[in-house]
Amino acid sequence: MLRLGALRVRSLPLRGSPGRPSSAGLREGQESPPSAPEWKDRAETVIIGGGCVGVSLAYHLAKAGMKDVVLLEKSELTAGSTWHAAGLTTYFHPGINLKKIHYDSIKLYERLEEETGQAVGFHQPGSIRLATTPVRVDEFKYQMTRTNWHATEQYMIGPEKIHEMFPLLNMNKILAGLYNPGDGHIDPYSLTMALAAGARKYGALLKYPAPVTSLKPRSDGAWDVETPQGSVRANRIVNAAGFWAREVGKMIGLEHPLIPVQHQYVVTSTIPEVKALKRELPVLRDLEGSYYLRQERDGLLFGPYESQEKMKLQASWVDHGVPPGFGKELFESDLDRITDHLEAAMEMIPVLKKADIINIVNGPITYSPDILPMVGPHQGVRNYWVAIGFGYGIIHAGGVGKYLSDWILHGEPPFDLIELDPNRYGKWTTAQYTEAKARESYGFNNIVGYPKEERFAGRPTQRVSGLYKILESKCSMGFHAGWEQPHWFYRPGQDTQYRPSFRRTNWFEPVGSEYKQVMQRVGVIDLSPFGKFNIKGQDSIRLLDHLFANAIPKVGFTNISHMLTPKGRVYAELTVSHQSPGEFLLITGSGSELHDLRWIEEAAVRGGYDVEIQNITDELGVLGVAGPFARTVLQKLTSEDLNDDVFKFLQTKSLKVSGIPVTAIRISYTGELGWELYHRREDSSALYECIMNAGQQEGIDNFGTYALNALRLEKAFRAWGSEMNCDTNPLEAGLEYFIKLNKVVGNTTSGSYSYSIQKSLAFAYVPVELSGVGQQVEVELLGKNYPATIIQEPLVLTEPARTRLQRDGRKTKT
């Protein structure tokens, strides 16, 4: 008997034990595969992996009418991470669109038993997140302002209601709760078997054991998938192989940034106080204690997220591969790692002090660096899709299966989930980075989620601009697709620490100074993280004309163009510069680099266009110079005439600045007079120093992306990923100029402080009848409603617009 305070451990499963906890009862042994066709040598889609995610995709594709769906599992269904999962289900997610995934999962699970005849062991007692600190209460209020984007119920409740719903709690520290009716838990094994029954019902073939031994791409985009039972020719393959996903990726030369984490939870024997309850307890999440707790029969199931110092990664699997045959095995338990969490739980739920532990589960769960899964088609490999890296596979499985099925069948995602895009990672994502970030992400599972949150493990990567060493001690850096980029710059005597908040932060004043710097003098910003592509060839104009909704710019000019999905949604926004006949420079945001490149490459292959597409993101540095004295400063360094009538707005030219070759584009996301200077990455520091020295008389200084955001909002510049994405069409987003052609009334997409009028400013989607200038509305913020007015946009005219008005003798608008 192992003693931990008064908490007693009665038995421990040995490594390799087949026993498993379940909401619907412990199941043991292996499932016998039902009778099925022996083999198919052709398939529309082959899914690799028979966990809950892979089986869900097979179910959704087959139900939607796809013929010849084949799932290949190396051992048996649920082997890997599914079988030992705690099975939690929740409508809650701090992100906006991931809530849709959770919603679709739960709604599927509610009807699955009736549809398939297979019990799923679904319990829906609701769940409560506990706030025991004032800042956590702020976080709940912040989340309540976001919940009205969705149909799901969510409420803030007080201590009395919390105690009524969970009478076993010690209420001494509890300030509030976030309550989600309909949350609960499901038996992962039964869920997967029900999905499998449904997949077979609609015509999918689930074959196991059938380990994939080779993946061979064909010139027509199809794949030859080889197994010991034979080969299948597939139009597409989907890697849903869980902690085997890295091995599958390596077969085609990809290094997926994934690493297994050892996750532990414990199950107690019957607790008299629990048995005496007349209804099932809601699932509890003690965020400061960093654990979840739910009822398991007449006992409790407790699962902590250990600190990054104590948690254990299965790093050897990354270095040497998953041990052959590992499937339904467990690791040795380690109670020492979770002692702090157990003590917190015993203080919060005192009946635990008298409980016996009858089971400890310590199994592998695969994490990506940022804890979010990787879902969708992969850049650089035709017809290869992934659904991997699920730290919370049960709640994601149903919704992701539907999401991917819709995307595969209709040629575009049903809604935007760029946060799950597998192409958010690139060659800069090393194994060392993955390990550091997964450790951080696991340990930070329940920390307060602030707006503009930064996490610092694994940084910097190899992706640093030529200015990093010059600027790192002067500013607070942000992380953008592997790059370090200045967010805001310190001033003498100012607090230089990273202090996020739901209210004004320590960067409010510095950002205001940088805003004035650009509006009144001249500022320099490092824009090197932009994604940059070179496209040329005899069909380049035809390809871009097909891709973009805007007209193709003339040689020597630039425009802003949007790639639209077949249904007219905004897939991406880029600037397109026609540098020489048939040769183009395309620029996109840092987070969209491979997301956009994949779409372009796919269109080029599908249409048979004769073009050469190069990703030159890492080769070029970018400096932005903006403000009323930008021309004055740059003119000192070049012989090229920069006057307005010679170097017009949205023109692009190749020139030299202090002898350094640059591609200069007269454009600025600030909306002020400015240029973006594209140059060799190794020339960044020299170019920067020349510009800063030349601008001393004009009071030149740095500015960062926070000031840039404030400037673009005043100019009413929309941002991809905020005001526009695959959820919106360009007309809804107010992009008519660039296009040749419920519970609450709307929602905000971006917000900042307007340093020009000294008031807060936001973009919002509202019904047409409420969109008139002068319309009074209210904006909810941290639980309070604040009066707001619809204003004529932009709040501040761009510099080119002001210049035109001045030439016409009209007053400028500020």
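Visitor: What should I keep in mind about the model and its numbering?
Guide: This is a predicted model, where local features need pLDDT of at least 70 and side-chain atom pairs count only at pLDDT 80 or more, while totals for chains, interfaces and linings use all residues. Residues are numbered from 1 along each chain as its sequence is written, and side-chain values use heavy atoms, with hydrogens and water left out.

Visitor: Why is Arg424 called buried?
Guide: Buried means under 20% relative accessible area, exposed over 50%, and partly exposed in between (1.4 Å probe, protein chains only). Arg424 has a relative accessible area of 14%, so it is buried.

Visitor: Where does Arg424 lie, and what does it touch?
Guide: Arg424 lies in the loop between helix 10 (393–410) and helix 11 (431–443); helices are DSSP runs of H or I with at least four residues, strands are runs of E with at least two, and both are numbered from the N terminus. Not counting residues up to four places away in sequence, Arg424 touches Ser368, Asp370, Leu372, Pro373, Met374 and Glu419, where contact means heavy atoms within 4.5 Å.

Visitor: How do you know that the length of helix 15 agrees with its residue count?
Guide: The expected span is 1.5 Å times one less than the number of residues. Helix 15 (residues 593–607) has 15 residues and should therefore span 21 Å; its end C-alpha atoms are 21 Å apart, which agrees. Just after helix 15, Gly608 takes a positive phi of about 65 degrees.

Visitor: What makes strand 23 and strand 29 a pair?
Guide: Two strands pair if DSSP finds at least two bridges between them. Strand 23 (residues 523–526) and strand 29 (residues 620–626) have four bridges, in the antiparallel sense. Gly523 stands opposite Ala626 in strand 29.

Visitor: Which sheet holds these strands?
Guide: An open sheet of six strands, in the order 30-31-32-29-23-33 with mixed pairing. Strand 30 (652–657) and strand 33 (701–702) are the edge strands, each pairing on one side only.
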